[in-house]
Amino acid sequence: MKSYHADERGYYGEFGGAFIPEMLYPNCEELRQNYLSIMEEPSFKEEFHQLLKDYVGRPTPLYFAKRLSEKYNTKIYLKREDLCHTGAHKVNNTIGQILMAKKLGKNRIIAETGAGQHGVATATVCALMGIQCVVYMGEIDIARQAPNVARMKMLGAEVRPATSGSKTLKDATNEAIRDWINNPVNTHYIIGSVVGPHPYPDMVARFQSVISEEIKYQLQEKEGRENPDYVVACVGGGSNAAGAFYHYLDVPEVGIIAVEAAGKGIDSGESAATSALGKVGIIHGSKTLLMQTQDGQITEPYSISAGLDYPGVGPMHAHLYASGRGEFISITDDDAMKAGLELCKLEGIIPAIETSHALAIFEDRKFNTDDVVVVNLSGRGDKDLQNYIDYFKL
Amino acid sequence: MNRIKQKLQEDNKILSIYFSAGYPNLDDTVKIIQDLEKNGVDLIEIGLPFSDPLADGPTIQESSTAALKNGMNTSLLFEQLKDIRKTVSIPLILMGYFNPVLQYGVEEFCAQCEEIGIDGLILPDLPLDVYQEEYEDIFKKHGLINVFLITPQTSDERIKAIDDASEGFIYMVSSASTTGTKQGFGSEQSEYFDRIASMGLNNPQIVGFGISNAETFEQATQKAKGAIIGSAFIKHLTANGVDGIGDFVKQIR
C-alpha cells in the first residue's frame with residue numbers, strides 16, 4: 001500500500017533525505033542508526049509516557065466546541081495542546097529528544113528557536129534533566145520576544161544571538177547546525193520541528209504522533225468512531241500538524257487540511273505560504289519545498305505569527321502537498337487575528353496566533369453539518385498578548 | 001587529462017586558495033584568479049556564494065552575504081569566467097552549496113563548467129550516495145571531478161568508500177569545525193594526519209580548515225599533498241582589497 005510516512009532512507013516521495021556536509025554525517029548517522037531501536041526500548045517508552053502524563057499533563061482533552069460548531073454549522077472538536085506544560089505541543093518533542101540524548105550519552109543540548117516556544121520547551125526539559133542547554137535565537141527575534149528570552153534564562157539556558165544573515169529563525173537554525181559541527185561528540189541537537197536532515201523529520205513526527213494517537217481513542221469515546229472526516233492544523237515547519245495527521249496519513253477517508261500563513265497576502269511579497277510560493281530545493285539538510293530566489297538563495301518569509309515564519313516546510317508536508325493527499329489553505333494575518341479573537345469570545349480560549357490560522361479556515365471552507373472536524377489547538381495565546389493588544393488596540 | 005590530476009602528479013605541497021566570487025567587489029573575480037596564478041598558487045577554489053552557508057564560519061558567511069548583496073549569482077559568475085582559460089591555466093574548482101546548483105539545473109550547470117574550463121566541483125552538502133545515484137554520470141560526462149570531504153570523525157570504512165568514489169583528491173577537513181573557526185594544529189590533528197597517511201588511500205589528500213600562515217601550511221603539507229586557505233585569504237581581501245595578493249601568497253610559502 002502507498003504510504004505517506006517516511007521510508008527507510010527518510011524520504012517522503014521525492015522529499016526528505018539528508019543533504020548534509022560530511023562534518024555532520026557522523027552525528028546524523030549515530031542518530032539514524034539508533035533512534036528507532038531506542039524508541040522501542042521498554043525503559044524509554046515507560047519514561048516517555050510517564051513524563052507526558054505527569055509532567056506535560058497528557059492526555060490533553062479533545063473538546064467539542066459547541067458554540068463554534070453552531071456558528072459554522074458543523075461539528076468542531078479542538079485538540080487542546082494549548083494545555084500542555086509550557087503552553088504548546090512543542091514539549092512532546094523535547095521530552096522525547098532529551099530522553100534520546102540521554103540514551104545516546106550526550107551531556108550538552110543545543111536548539112534553535114524563532115518566537116521562543118521551542119527554546120522554552122527545550123530549556124524546560126534540560127532543567128528537568130539537569131543538562132547544559134544552549135539556545136540559538138535570531139538577534140531580531142530576541143528583541144521582539146523578550147518574555148520568552150527571560151523564561152529560557154530563568155530555566156538555566158544560555159541564549160545565544162544569531163547575528164548572521166537575516167537574524168531570524170533560519171539563521172538561528174544555521175547557527176545551531178554550526179555549533180553541532182563544532183561539537184560533534186558530546187552534543188545533541190534538539191530540532192524543534194519536522195524539518196532538517198533524516199532522521200529528524202521522522203523522529204519528531206513520531207514524538208508528536210501522541211496527538212493523533214489520543215484523538216483516535218478520544219473520538220471513539222465521543223463519536224463512536226476513531227476517524228474524523230477532517231483533521232486541521234497550522235503548518236510552519238509542521239510539527240503540530242505532523243502529530244495531528246500522523247495516524248491518519250494512510251487513512252484515505254480522513255481529509256487532511258494544512259493551513260499556512262499567507263502573511264499580508266500570497267502575492268504581497270510578505271508571506272510564508274511555502275506550498276504556494278516555494279519550489280523544490282534544499283534547506284537545513286532536507287529536500288523539500290522552500291521559498292527561494294530564482295538563483296537558489298533562500299528568502300525571508302513573513303507572517304504575523306513567528307511560529308509560522310519559516311521559509312520551508314517539513315518534507316512530510318511537501319509530499320502531502322505535491323501528492324494531493326493534503327488540502328493546503330493559506331490564511332492572512334488579518335483573518336487569523338479575527339479568528340483568534342472569535343475563539344476567545346465563543347469558547348473562552350485564547351489561542352496562539354499560529355493556531356488562529358487553522359481556526360480561520362471556517363469562514364470560507366464549508367463543511368457538512370454532520371462532518372466531524374478536529375482542529376489541533378497547538379498553543380495558547382499568552383505569548384501573543386502584546387500582538388493581540390497592538391492589533392486590536394486593546 | 002584533467003588539470004587537477006595533472007597538477008597533483010607534478011607537484012607537492014600544493015597551495016590551494018579559496019575565495020568568494022563577487023567579493024570584495026562584484027567584478028574582482030577574474031583579477032583575483034589571475035593574480036593568484038601569477039603568484040604561484042597551484043589550485044583555486046572559486047566560491048559560489050549562498051545565503052545559508054551551513055559549514056562556514058563568520059568570515060566566509062560575511063563574504064558570501066556581501067557578494068550576494070553586490071549582485072553575484074550563478075549566471076553572472078559563469079559570464080565573468082567565460083574567457084578565463086585565455087589567461088589562466090591552473091586547475092579551477094567551483095565550491096558552493098547544492099541548492100543554487102539544483103536551481104540552475106545540474107546538467108546545465110555541469111555543461112557550463114565544461115565550456116568554461118572548470119575542472120571540478122566541491123559541494124559539501126551533496127551527499128555521497130545521492131551523488132552516486134543521481135549525478136555521477138552527469139559530472140563525468142562533462143569532465144568534472146567531484147571532491148569529497150572527510151573529517152576527524154569520519155570512520156575508516158566511510159573514508160575507504162569516499163576514496164573509492166573520488167578521483168583527483170580528498171578534501172581533508174582538519175578538525176571538527178566550521179571554516180575559519182580554529183587556528184593552528186594540536187596533537188589531535190597530528191594523530192589524524194598520521195592515521196590518514198597510513199591508510200594507503202588511492203587519492204592524495206589536501207587539508208583544509210585551520211590553515212592561515214606559513215607554519216600551519218607547513219604542518220599540513222608534511223603528510224598531506226597540499227593545503228587550502230580560505231578564511232585567512234578573505235580577511236586579507238577585506239583589509240587590503242585586491243592589491244597585494246602577491247604579498248599574501250609569499251608569506252605562506
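1. Helices α2 and α12 of chain B. In this predicted model, helix α2 (residues 29-38) of chain B and helix α12 (residues 245-252) of chain B have axes that come within 9 Å and cross at roughly 40°. An angle under 35 degrees would count as roughly parallel, so α2(B) and α12(B) are oblique to each other. Their crossing is right-handed. On the α2(B) side the contact is made by I32(B), D35(B) and L36(B), and on the α12(B) side by I245(B), G246(B) and V249(B). By class, the contact of α2(B) with α12(B) has four nonpolar residues, one polar and one charged.

2. Contact between the chains. Chain B puts 31 residues in contact with 25 residues of chain A. On the side of chain B that touches chain A, the elements giving two or more residues are α3 (58-70), α5 (98-104) and β6 (149-150) of chain B. The largest share comes from α5(B), with five residues. The residues on this side of chain B divide into 16 nonpolar, 13 polar and two charged.

3. Domains of chain A. Contact involves 36 residues of domain 1 of chain A and 34 residues of domain 2 of chain A. Several elements give two or more residues to the side of domain 1 that touches domain 2: β2 (15-16), α4 (90-103), α5 (117-129), α7 (146-154), α8 (169-182) and α9 (200-208) of chain A. The residues on this side of domain 1 of chain A divide into 17 nonpolar, 16 polar and three charged.

4. Helices α4 and α9 of chain A. Both helices are among the elements listed for the side of domain 1 of chain A that touches domain 2. The axes of α4(A) and α9(A) come within 8 Å and cross at roughly 115°. The two helices are therefore roughly perpendicular to each other, and α4(A) passes α9(A) in a right-handed crossing. N92(A), N93(A), G96(A) and Q97(A) of α4(A) make the contact with V204(A), F207(A) and Q208(A) of α9(A). By class, the residues of the contact of α4(A) with α9(A) divide into two nonpolar, five polar and no charged.

5. Annotated region. According to the UniProt record, an unreviewed entry, the annotation "domain: Tryptophan synthase beta chain-like PALP" covers residues 57-379 of chain A. Over residues 57-379 the chain is 40% helix and 21% strand. The end C-alpha atoms of this region are 14 Å apart.

6. Backbone points to check in chain A. Most residues other than glycine have a negative phi, and most peptide bonds are trans. The peptide bond from R58(A) to P59(A) is cis, with omega near 0°. P59(A) lies in the loop between α2 (42-56) and β3 (62-64) of chain A. A cis peptide bond also runs from H198(A) to P199(A), with omega near 15°. P199(A) sits in the loop between β8 (187-189) and α9 of chain A. T86(A) is not a glycine, yet has a positive phi of about 75°. The loop that holds T86(A) lies between β4 (75-80) and α4 of chain A.

Terms used:
Residues numbered from 1 in each chain as written. Chains lettered and ligands numbered in written order. Predicted model: local features only at pLDDT ≥ 70, side-chain atom pairs only at ≥ 80, totals over all residues. Axes fitted to C-alpha atoms, helices over the stretch in contact; angles between N-to-C directions. Helix = DSSP H or I, 4+ residues; strand = E, 2+ residues; numbered from the N terminus. Parallel < 35°, antiparallel > 145°, perpendicular 65-115°, else oblique. Left-handed = near helix turned anticlockwise from the far one by under 90°. Contact = placed C-beta atoms within 7 Å. Nonpolar A, V, L, I, M, F, W, Y, C, P; charged D, E, K, R; others polar. UniProt positions renumbered as here; feature names shortened; annotations may be inferred.
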